Structure formats: structure tokens, C-alpha cells
Amino acid sequence: MIIILVVGASGAGKDTLISRARTRLSGRRNFHFARRYVTRPPDDHEHNFFVDRQGFEILRSHGFFVADWQAHNHCYGIPYAEIPCTVDPSAVTILSISRQVAANLEKMFPAVVTVNITAQPEILKQRLIGRGREHLSDIEKRLTRTPLLQTRNLINFDNSGTLAATSADFISLLENISLSASMGTKVEHPVIPPFCQSAS
């Protein structure tokens, strides 16, 4: 089984791409999209498990999560139960995570690929403004931050195009990674479509 860690800055469109891929690949048994526990109700982009902060802390203290983090005044966690036990080499489990826990998860699993969702700065800015959650000055500060991703197998995915085009490309990427595994290709060298950039 391959673990695909999907990371990306706010506004890059990570949740939208994952939602589209989940719908498109829903009938494919070898693709599993892990659901997260979040201290906010689910929305159109993510059907997460909702738990209040007190409940989240209880679960975390009992070792319920394989990874957990805080962002934007909410707590996020992926339970161990969402990681399937399978020996199928083509099986793919997709985790939507924070960049701050990617390196730790790489140490926990033998076959991991990190897909970093990016977008052009002006597009990121317009998407963040459209959300209406932050002041323009806060958005400007956010766009100047460039966290370093220290992961072994990193693929940068540009999500600056139309939703129809980029979602199709994202699904193709997931399928190609699964195909690489089924053909016995080492995870360090997955089949990368031309629209992606390998950072290895």
C-alpha cells in the first residue's frame, strides 16, 4: 500500500481537488480517502467527523490519532482506523494533512509520496480574499511564508488552472502512482505525469 500525503497552502484548492477525486474514484476499491476528525462541522468540501475540542483532546490523549495538528483555530486528526490494513501493492490511501506533520508520517510508513498542491501567488491571493476570512494585510503576510517541506518523495502539483482541468490531472496523478505500485515500481520513482514537477 502507498500512502499519499496531500498538503498545500490555504487557497491552493487542496480540499476541492480531494473532494472531486473522492467522487470520481468512489467505485475503485484500491483508493481510500481517509476521513479526518475536525473541531468544526463538515461542509461541501469535506465530510469530516465532527468532535468538539474537549472530545478531541480526550481522543488525542488516548493515542487515537496517527497524526494530529492545529491550524486556523481548529484541531485536526487522522485516526489509526482510517489507515487500511492491506497487502495490495496498488492500494492507495490519501491523507489530507498539514505540512508540519508530513515528515513524521514518512517515518511511520514504508511507502509514502507527498503531493504539494500549489497555485500562482495572485490566484492564491484572490481565492483567500474570496473566502472573506482574513484581512488583506493578513493575507499578504500569509503569501510571503514559504514553509520548507523536508520529505523524501515530493511532487509539486500546480492547481492554477480551471477546476475541470486540474481535477482531472490530479486524478490521473493518483492513478499513475497506483499503477506504478502495481507494476512493482519503487515508490521513490513513481510515474509522474508531465503536468507535475518532481522535487526529488
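Contact means heavy atoms within 4.5 Å. Helices (H or I, at least four residues) and strands (E, at least two) are DSSP runs, numbered from the N terminus. The structure is a predicted model in which local features need pLDDT of at least 70 and side-chain atom pairs count only at pLDDT 80 or more, while totals for chains, interfaces and linings use all residues. Residues are numbered from 1 along each chain as its sequence is written, and side-chain values use heavy atoms, with hydrogens and water left out.

**Exercise 1.** State which residues of helix H1 are buried and what covers them.

Solution. Buried means under 20% relative accessible area, exposed over 50%, partly exposed in between (1.4 Å probe, protein chains only). Within H1, residues 14-24, the buried ones are Lys14, Leu17, Ile18, Ser19 and Ala21. Their cover includes strands S1 (2-8), S2 (31-33), S7 (92-96), S8 (112-118) and S9 (154-158), together with helix H6 (163-182).

**Exercise 2.** Locate Asn159 and describe its surroundings.

Solution. Asn159 sits in the loop between S9 and H6. Its relative accessible area is 5%, so Asn159 is buried. Leaving aside neighbours within four places in sequence, its contacts include Leu17, Ala12, Gly13 and Thr166. A polar atom of the Asn159 side chain lies 2.6 Å from the backbone oxygen of Ala12.

**Exercise 3.** Determine where Tyr37 lies and which residues it contacts.

Solution. Tyr37 belongs to strand S3, residues 37-38. Tyr37 is buried because its relative accessible area is 18%. Beyond neighbours within four places in sequence, Tyr37 contacts Phe49, Val51, Phe56, Leu59, Phe64, Phe65, Cys75, Tyr76, Gly77 and Pro79. For Phe56, 19 residues apart from Tyr37 along the chain, the C-alpha separation is 7.8 Å.

Technical notes
Polar contact = N/O pair within 3.5 Å; in protein donor to acceptor, adjacent residues only side chain to side chain.
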